[in-house]
Number of protein chains: 2
Amino acid sequence: MKSEAALVEIITIGDELLIGQVIDSNSAFMGQELNKIGLQVSQISSIPDNAEHIIQAIEQAFERASILLMTGGLGPTKDDITKQTLCTFFHCDLVFNSDVLQNIHHLFSDRPHVLNPLTEQQAFVPEAATIIQNKRGTAPITWFEQNGKILVSMPGVPSEMKWALTEEILPRLKSHLKTPVIVHKTILVYGIPESALAIRISEWENQLPEYIHLAYLPSPGMIRLRLSGCLEDSITLHADIDSAVIQLRSILGQAILAEEDRAVEVILGDLLKSKNLTLGTAESCTGGLLSRNMVRVPGSSTYFKGGIIAYSNEVKENLLKVSSSILQAEGAVSQPVVEQMAAGLLSLIHCDVAVAISGIAGPDGGSASKPVGTVWICVATRQKSISRRFQFGSFRERNMEMASLAGMAMVKEIIDQQ
Amino acid sequence: MKSEAALVEIITIGDELLIGQVIDSNSAFMGQELNKIGLQVSQISSIPDNAEHIIQAIEQAFERASILLMTGGLGPTKDDITKQTLCTFFHCDLVFNSDVLQNIHHLFSDRPHVLNPLTEQQAFVPEAATIIQNKRGTAPITWFEQNGKILVSMPGVPSEMKWALTEEILPRLKSHLKTPVIVHKTILVYGIPESALAIRISEWENQLPEYIHLAYLPSPGMIRLRLSGCLEDSITLHADIDSAVIQLRSILGQAILAEEDRAVEVILGDLLKSKNLTLGTAESCTGGLLSRNMVRVPGSSTYFKGGIIAYSNEVKENLLKVSSSILQAEGAVSQPVVEQMAAGLLSLIHCDVAVAISGIAGPDGGSASKPVGTVWICVATRQKSISRRFQFGSFRERNMEMASLAGMAMVKEIIDQQ
């Protein structure tokens with residue numbers, strides 16, 4: 001097996017993974033984050049809550065890798081046995097740790113009546129481990145070192161794992177190992193399919209210095225282009241990446257949504273804030289998804305006012321004042337309807353920009369002229385409006401995601417034009 | 001390791017899995033389908049496109065299991081090496097298979113110009129394998145048997161893998177093995193924290209027959225309790241699981257949201273449909289999340305009308321007619337405000353049940369009397385209403401999820417009371 005970079009293995013523990021009740025999305029997140037600091041994942045193993053199996057998996061992983069990240073099996077209930085099994089593996093006992101108990105009491109400080117002795121058992125930790133407090137949950141993170149190998153056990157709850165990995169584990173791994181200088185630059189490209197993008201930028205891609213690697217990270221409707229460079233001379237590296245980005249800008253123009261790896265709702269929120277503008281929504285087929293994405297961002301109340309979920313035609317007519325004859329003549333998924341939805345919203349809610357979405361998410365409701373995946377979107381200010389028809393795919397959830405993203409991109413577009 | 005049932009292992013091959021570019025959702029699908037026919041997955045391993053690693057993974061899997069399902073690494077490009085590696089493992093050569101070539105020509109019959117010699121290489125297959133034609137793609141499925149072990153290699157493209165598994169592999173495995181009976185029963189428990197639940201049901205849990213295993217699968221606000229039983233005598237097994245569920249019902253009562261493993265929005269949608277009722281929403285802190293969850297379900301337009309996202313107080317006042325003096329006196333997160341929001345919605349939108357949510361999602365906006373995580377929810381019909389104050393945690397995203405779930409549970413509650 002390759003061994004240029006320090007190898008890491010991931011073991012996710014839980015019967016629910018093996019019977020397919022839960023999809024293991026934690027490992028992909030860990031793989032991405034480890035990659036960013038130059039660590040290569042050699043294997044991901046999902047195994048049951050079974051002591052013998054856990055120990056065998058640890059042994060086999062350490063034959064290939066020097067770092068082992070484990071998630072799961074740390075709940076307070078009987079079926080979770082990771083902690084006890086790690087004691088067996090490292091030949092140590094569980095000992096009481098008052099800091100963990102304090103952390104648990106702190107987490108429950110606003111609802112002490114909910115705290116019970118079983119949860120307090122989480123304060124018993126393997127003696128051989130360095131304990132890292134889990135600020136998002138009751139199960140502490142345990143860090144073991146032995147014979148030059150590192151084993152870290154984290155909770156499997158995705159929010160807790162993500163917090164622990166990015167805030168606690170990665171910084172420690174970085175200071176622990178001599179990780180090379182790796183520079184990443186991510187460009188968000190919107191509205192160009194992956195294969196078309198690959199053709200459009202192939203010449204540019206072929207001319208990249210060989211120490212700069214390009215990755216296509218596609219998600220519905222958007223591609224993140226990630227340039228990763230690894231070089232001793234960090235000044236040259238930064239200069240080369242900057243110059244590659246400048247060239248890419250002239251090739252892709254408006255298709256570049258942002259030059260940083262942030263969520264689109266964060267980018268749009270910052271833009272609205274900087275221009276002192278407010279947004280309102282009129283959503284039909286997306287049923288609130290665009291709005292829900294906007295309010296993910298803390299502080300979004302300064303620029304997001306709210307909106308109307310006009311899932312039924314009644315709501316389109318009664319609240320947004322969409323004309324009933326146009327609804328009948330053109331159908332709910334049509335340019336005049338989204339334009340009236342946006343105009344109706346602007347007169348209902350005091351906002352500067354309105355976005356209206358109406359489409360056929362599927363699986364039913366399609367026709368020859370408007371197949372599943374047809375979506376009309378209108379963005380409007382009090383001065384102007386833009387309307388556009390999209391043809392997404394066959395999958396309901398994906399169509400909703402694509403429509404929400406397209407709506408946000410169009411809001412950015414109308415603001416950029418002002 | 002346990003060995004009551006025939007053990008299966010899954011190996012998914014591809015560098016993209018290890019750098020986190022792709023989430024391995026194939027394995028969960030395979031786990032579910034295998035489980036249904038009584039085959040237990042003992043480990044899922046994701047490994048790179050590396051011959052040495054592939055062979056080691058096969059050897060280690062066969063130490064634990066007698067059946068090995070592999071996906072991926074079967075494309076025509078240089079980086080895919082699974083087929084060649086299987087030849088090494090089974091000491092055989094690649095041989096030309098005219099049926100595979102015919103299948104490829106058939107797949108490309110409407111676009112023969114796209115077919116190239118690289119794709120035609122897919123017709124070379126390991127001599128030691130039984131070949132199963134892939135009706136969805138160019139890479140054939142290969143089935144190997146040796147020393148009582150079975151190895152099946154399938155494409156990693158999800159649509160091809162799903163077709164191959166359900167149409168070709170599972171029927172062959174069923175006729176090949178005497179599969180035992182495995183029964184799963186999942187109970188959704190709402191509103192009781194995991195450790196409190198564990199205490200409440202500990203006596204019941206300890207009295208379960210030893211061939212019935214209990215797993216706690218927690219998610220924000222909800223716990224899925226899964227009973228899994230494996231026994232030759234399927235009549236006894238079903239009877240024992242049924243009787244355990246009956247006992248659990250009397251212990252947990254209303255905390256049982258459903259006795260099947262489905263999403264809450266599906267359960268609620270079915271309930272609304274069966275009662276011929278419609279739902280509308282007035283969401284503040286959740287910003288559309290509850291609505292967005294409701295419309296995930298295909299066909300939700302028959303019972304979900306839409307709603308108002310009253311993120312700002314202006315929208316609460318102007319659209320939902322919440323009294324400005326009450327907003328000032330009590331604050332937006334208060335019982336009278338959510339009650340007025342629900343009442344306002346019922347008069348704006350023709351729906352039978354309204355759910356209104358207002359809370360402090362965080363991280364800012366909390367106070368001593370209303371800390372972050374305080375959420376008021378009101379559900380109302382034209383006859384009655386229920387209001388309740390919740391105290392969730394400190395995390396914005398989680399608070400929103402908990403509030404959306406609590407709102408759905410309260411909608412179910414008011415309908416159940418009718």
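This is a predicted model: local features need pLDDT of at least 70, side-chain atom pairs count only at pLDDT 80 or more; totals for chains, interfaces and linings use all residues.
Good morning. In chain A, helix α2 (residues 26-36) packs against α7(A) at an angle of about 20°, and their axes are 10 Å apart.

Which residues of α2(A) and α7(A) meet? From α2(A) come Asn26(A), Phe29(A), Met30(A) and Glu33(A), and from α7(A) come Pro158(A), Met161(A), Lys162(A), Leu165(A), Thr166(A) and Leu170(A). By class, the residues of this contact are six nonpolar, two polar and two charged.

Strand β1 (residues 7-13) of chain A and strand β3 (residues 67-71) of chain A run parallel and are joined by five bridges. Within chain A, Ile10(A) stands opposite Leu69(A) in β3(A).

I turn now to the contact between the chains. On the side of chain B, 72 residues are in contact with 71 residues of chain A. Which element of chain B gives the most to the side that touches chain A? That element is strand β2 (residues 40-47) of chain B, with seven residues. As to composition, the side of chain B that touches chain A has 36 nonpolar, 24 polar and twelve charged residues.

The chains are also joined through another strand. Strand β14 (residues 304-309) of chain A and strand β14 (residues 304-309) of chain B run antiparallel, with three bridges between them. In this pairing, Ile308(A) stands opposite Ile308(B) in β14(B).

Next, the domains. Chain A is divided into domain 1 (7-176), domain 2 (182-258) and domain 3 (264-417). Taken over C-alpha atoms, the centres of domain 1 and domain 2 of chain A are separated by 35 Å.

Helix α11 (residues 264-275) and helix α16 (residues 396-417) of chain A pack at an angle of about 25°, with their axes 10 Å apart. That angle makes α11(A) roughly parallel to α16(A). Is the crossing of α11(A) and α16(A) left-handed or right-handed? The crossing of these two helices is left-handed. To the contact, α11(A) brings Val264(A), Glu265(A), Leu268(A), Leu271(A) and Lys275(A), while α16(A) brings Leu405(A), Met408(A), Val411(A), Lys412(A) and Ile415(A). The residues of this contact divide into seven nonpolar, no polar and three charged.

Finally, I move to a sheet in chain B. Four strands form this open sheet, in the order β10-β11-β9-β12, and the pairing is antiparallel. Its edge strands are β10 (212-219) and β12 of chain B, each pairing on one side only. The twist averages 30° from one strand to the next.

Consider the pairings of this sheet in turn. Eight bridges join β10(B) and β11(B) in the antiparallel sense, and Ala215(B) stands opposite Arg226(B) in β11(B). Strand β9 (residues 181-190) of chain B pairs with strand β11 (residues 222-231) of chain B over ten bridges, again in the antiparallel sense. Here Val183(B) stands opposite Gly229(B) in β11(B). Over two bridges, β9(B) also pairs in the antiparallel sense with strand β12 (residues 256-258) of chain B, where Leu188(B) stands opposite Ala258(B) in β12(B).

Thank you; I am glad to take questions.

Key. Residues are numbered from 1 along each chain as its sequence is written. Chains are lettered from A and ligands numbered from 1 in the order in which they are written. Two residues are in contact if their C-beta atoms, placed from the backbone, lie within 7 Å. Ala, Val, Leu, Ile, Met, Phe, Trp, Tyr, Cys and Pro count as nonpolar, Asp, Glu, Lys and Arg as charged, and the others, Gly among them, as polar. Two strands pair if DSSP finds at least two bridges between them. Domain bounds come from an automatic or database domain assignment. Axes are lines fitted to C-alpha atoms, for helices over the stretch in contact, and angles run from 0 to 180 degrees between N-to-C directions. Angles under 35 degrees count as roughly parallel, over 145 as roughly antiparallel, 65 to 115 as roughly perpendicular and the rest as oblique. A crossing is left-handed if the near helix is turned anticlockwise from the far one by less than a right angle, and right-handed if clockwise.
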